[in-house]
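Me: I would like to learn how to read a few features of a protein model. Could you take them one at a time?

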Amino acid sequence: METITKTKLPENEVKQELKKKTTVRIQGSEAVVRSLIEEGANLIFGYPGGAIMPVYDEFYKVQDKIHHVLTRHEQGAIHAAQGFARSSGKVGVVIATSGPGATNLITGIADAQIDSTPLVCITGQVGSNLLGSDAFQETDIVSISTPVTKWNYQITKASEIPGVIAKAFYIARSGRPGPVLIDITKDAQFDEFDFSYKKCEKIRSYHPVPEMDPEKVKEAAEMINKAKKPFVVFGQGVVLAQAEEELRNLIEKADIPAASTLLGLSALPTDHNLNMGMVGMHGHYAPNVLTNECDVLIAIGMRFDDRVTGNLDTYAKQAKIIHFDIDPAEIDKNVKTDIAVLGTVKETLAELIPLIDKNKNQKWHQEFHDLRKIEYDRIIHPQTKPTQEKLTMGEVIAAVNEQTNGDAILVSDVGQNQMMTSRYGKFNITKSKITSGGLGTMGFGLPASMGAKLGRPDREVVAFIGDGGFQMTIQELGTIMQTKIPVKIVVLNNEFLGMVRQWQELFFDRRYASTVMTNPDFVKIVEGYGIKAKRVSKREDLKDAIADMIASEDAYFVEVIVEKEENVFPMIPSGASVSDVRLK
Amino acid sequence: MEKQLYTISVYTENNLGLLNRIATIFLKRHVNIESLTVSSTEIEHVSRFIIVANITEDEAKKIIKQIEKQIEVIKAFYHTNDEAIYLQSALFKVKSKLLFEKRQIQNIIKKSNARIVTVNPEFFVLEKSGRKEEIEELYDGLAEYGIMQFVRSGRISVTKEEMKITELLEKELV
Ligand SMILES: Cc1ncc(C[n+]2csc(CCOP(=O)(O)OP(=O)(O)O)c2C)c(N)n1
Ligand SMILES: [Mg+2]
C-alpha cells in the first residue's frame, strides 16, 4: 500500500471498528467505503482532491480491505480500471475529485461506454448549497457524462449512498455492461445517517437481459443447417457472456469457419483450426473477402462497427444475416438482419447447438485456406520473418509469442502497434487481448496494462505501445514504480504517428503533416523511474531482450527501434467494400 | 425513406436528469426536436415525455430503441400523425380596443372556437386548442390586427390503438 503508511490501525482493531459501527450512525464518506467493501471492490484506482477528501480519509482507515492505487493522472486511473475490468471480468472502480478530476475521467468513460466495460466512477462534488454557483472546482459532471454513461446520478444526501452505490454496481455489470458515474456532494460525505447495505438485484424499469425466444433459435438453426457457405463473426459479447465454450462447441459441431472482431480476439484460441483470424479494416484477407461470399453470416455478440463492415451498401449483401446479441438496440442498427436472436449468447448458443448439423462443404473451407496462403506469402511471412535490415513490428510480436507461448495478456495502444498486435499476437486464453476498440484512445495502453496486471496477477501482461501513444500517458510509469506493478512494456518506436503517416502516404500523397516525432531518450526516462529498460535496434539483440523482459520478476521496458515507414496491410480503405481489401 | 412527423411517447420513472439523457439521444443523431412535453401520467411516479420530430421511420425505430435502453425508461412508442389523437394549446394576447374597433375580430374568434380566458381594459387573452394548422389559421387571422404575445405548447397526444400501458406497467411494477 503506497499512499499512507503512518499510524495504520492493526487489522483486528479495524475490524472491531467496523463491526461496532454497523449499528451506529456513520458519515457518508464511511458509507462510501463500506459500500465498496460490500461490493467486493478491494482494488480501486484514483486521485484525491478537495471535494473527495472525506472519502480518502476513510480509505486511510481500511487499507487492509481496499487497495487504492494512486495513479499520476485521472485518465491513467480510469484506463487502469478498464484494464482491470477487462482482464478480471469484475467491475472496475475509479475515484476522483470534482472539477478537473472529474473531467479528466471523460475520455475513459467514453471508451468504456463504447467498448461495454463495466466501471463505477465516483466523483466528489462541491457542497449541495453551492451547486450552480460556479464554486471552486464545480463542474456539472452529471450533464457532461450523460451521453457517455450507461447511468449516472448525483447524490446530495448521505442516506442515498448505499442504495445508489448498490444500483451502480448492478447496472455496470448486468446486461450489456458499461460505465456508471456517481457524483457525491461534499456535504453528503460529511452527513451522518444509519447505514445498512443491500445489494441491488432488480430495477423495475430495467431489463438487462431480453427473454430468449426459442422459436427464433429454431429458425436460426434451420437457416444454418441449410447453408452451403456459413460463416461466423464473433465479438466481445462472447467474452462478456463467458460463452467461449459455447462458441467453440458451435463452430466445431457445425464445422463453420469463424473470425473475430478486434474486441472478440482471444475468445477463440488463435491456433484453433476454424479460427480464420480477424475481420475489419486491418483484419485478415480471407475472412474479409469471404464475408462477401458466404451465404449465411452468423454474427455473435458483435455490433457491425463501420471498421468491421466497410461500406454497408456492399457488405454481405448476398448473405442471410443471423444476429445473436443481448442488446435490442444493436439489431438492425447498421446491418439489417434476417433473424435476430436476443438474449445472452451463452444461453442462446447453448440452445442452438443441439439443433445444429455438421456442414459438409469442404470446398468452402478450402476457399479460406487458399486466401490465407496468399496473405501468408505476401504479408505475414515478410512481416514476421523479414529479410530487410530494419526490425518490423511483426517480428517483435512474434518474438514475444515465442517467449510466452501465447499465454500472455497482450495489451495494445492505438495505431499501427495495435493492428500489428491484433494481427500477430497469439492467444491461447480468453480475456487476453485488451485494447481500446470503439474509441481508439491513444494513451490507453500503458495504464490499461497496469490494471490488467493487477486484475490478473497470475498472468503475464505485455503492453505494445507506439512512441506517440506512450507519451500520452507516460506519467503512469510513476504508478508502476510506486505500486510495483510487474508489467512488461514494449514501445515500438517508428518515430512517427505511424498510422496517421500510413494514411498520409496512401491518401494524401505522402504529405507528412505533423506526424514526425522527435522523441526523447525513452530508456533514460524509464530508468529515471527505477524501471529496468533496454533499447533494441538490431535483429540479433531482439530475442535476448525479449527473453530477459519475460524472465523479469519486476516491470521491464524494451524499446524497439522499428522500420519507420512500414504499413499495416491488408487494409480496407475507409468507405470501400470488405471484398476490396488491399494487400498493398 | 421519407421523413414525416413522428410522435414519440416515453413512459419513465420520474427522475432528475432523464430529460437531458433523452434529449442527447436526439442531439447525437443531429435530429431537431419539434416539440416536447413532459407531464405526469395516470400512474403515480411515472412521467410521460411526448416528443415530436421530423424523421424517417427507420430513425424513429432506432431512436426508440436507444431511449428504451436508458435505465429509467419503462417503455417508448412512436406513432405517425394518423395513428394518434393529438393537439396543442396556444395563448394569444391582443389589445382590448381591437375587440370593439374591429368587428371582424369577433368573427374570427367565433369561427375559430377559441375561448376568451380573460379580458381587462388593456388586453384580452384567447386560448385555442387544436391541431397546429388550426392554431396557425387563428394566428394568421389575428396577426394583421397585431398580436401582443403568442405562445404555443408542445404536442400532447393519446393513441387511437389501445396501448395497454397500464397493464404493462402493472407487470413492471411488481
Ligand atoms: C487521443 C488520440 N488522438 C489522436 C488519435 C489519432 N491517431 C490514431 S493512430 C495515431 C498515431 C499513433 O502513433 P503511435 O502511437 O506512434 O503508434 P504507431 O501508429 O506509430 O504504431 C493517431 C495520432 C487517436 N487515436 N487518439
Ligand atoms: Mg509511432
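This is a predicted model: local features need pLDDT of at least 70, side-chain atom pairs count only at pLDDT 80 or more; totals for chains, interfaces and linings use all residues.

Me: Start with the helix. How far apart are the end C-alpha atoms of helix H24 of chain A, and what span should its 13 residues have?

Reply: Helix H24 of chain A covers residues 539-551, and at 1.5 Å a residue it should span 18 Å. The end C-alpha atoms are 19 Å apart, which agrees.

Me: Which residues in H24(A) are buried?

Reply: The general idea comes before the case. An α-helix has 3.6 residues a turn, so residues three or four places apart point the same way. In H24(A) the buried residues are Leu542(A), Ala545(A), Ile546(A), Met549(A) and Ile550(A). Viewed down the helix axis, the buried residues of H24(A) fall within an arc of 130°, so they line one face. Glu540(A), Asp544(A) and Ala551(A), on the other side of H24(A), are exposed.

Me: What covers the buried residues of H24(A)?

Reply: The cover includes helix H17 (393-404) of chain A. It also includes strands S17 (461-466), S18 (488-493), S19 (532-536) and S20 (556-561) of chain A.

Me: Next, the metal. What are the protein donors of the magnesium ion (ligand 2)?

Reply: As background, ideal angles at a metal are 109.5 degrees for four tetrahedral donors, and 90 or 180 degrees for six octahedral ones. Here the protein donors are Asp467(A) through OD, Asn494(A) through OD1 and Phe496(A) through O, lying 2.1 Å from the magnesium ion (ligand 2). Water is not among the atoms, so the site may look incomplete. Along the chain the donors have the spacing D-x26-N-x1-F.

Me: Are Asn494(A) and Phe496(A) buried or exposed?

Reply: Asn494(A) is buried, at 3% relative accessible area. Phe496(A) also counts as buried, at 7%.

Me: How is an interface described, and what area is buried between chain B and chain A?

Reply: The size of an interface is often given as the accessible area lost when the parts come together. Between chain B and chain A about 1700 Å² is buried, with carbon and sulfur atoms giving 43% of that area. In terms of contacts, 19 residues of chain B meet 23 residues of chain A. There are four salt bridges between the two chains. The side chains of Lys336(A) and Asp58(B) form a salt bridge at 3.3 Å, N to O.

Me: Which residues are linked with Asp327(A) in a network of salt bridges?

Reply: The network links Asp327(A) with Arg176(A), Glu330(A), Lys333(A) and Lys69(B). Within a single pair, one reads the N to O distance and then the places of the two residues. Asp327(A) and Arg176(A) meet at 2.9 Å. Asp327(A) is in the loop between strands S13 (320-325) and S14 (339-342) of chain A, and Arg176(A) in the loop between helix H8 (161-173) and strand S7 (179-185) of chain A, so the pair ties together parts 151 residues apart in sequence. Asp327(A) is buried, with a relative accessible area of 4%.

Me: Where does the salt bridge partner of Asp548(A) lie?

Reply: Asp548(A) and Lys534(A) form a salt bridge at 2.8 Å, N to O. Asp548(A) is in helix H24 of chain A and Lys534(A) in strand S19 of chain A, 14 residues apart. Asp548(A) is partly exposed, with a relative accessible area of 35%, and Lys534(A) is partly exposed at 31%.

Note on methods: Residues are numbered from 1 along each chain as its sequence is written. Chains are lettered from A and ligands numbered from 1 in the order in which they are written. Side-chain values use heavy atoms; hydrogens and water are left out. Helices (H or I, at least four residues) and strands (E, at least two) are DSSP runs, numbered from the N terminus. The expected span of a helix is 1.5 Å times one less than its number of residues. Buried means under 20% relative accessible area, exposed over 50%, partly exposed in between (1.4 Å probe, protein chains only). The arc is that of the directions from the helix axis to the C-beta atoms. Contact means heavy atoms within 4.5 Å. Donors are N, O and S atoms within 2.8 Å of the metal (3.2 Å for Na, K and Ca); water is not among the atoms, so sites may look incomplete. Buried area is the accessible area (1.4 Å probe) that two parts lose on being put together, summed over both.
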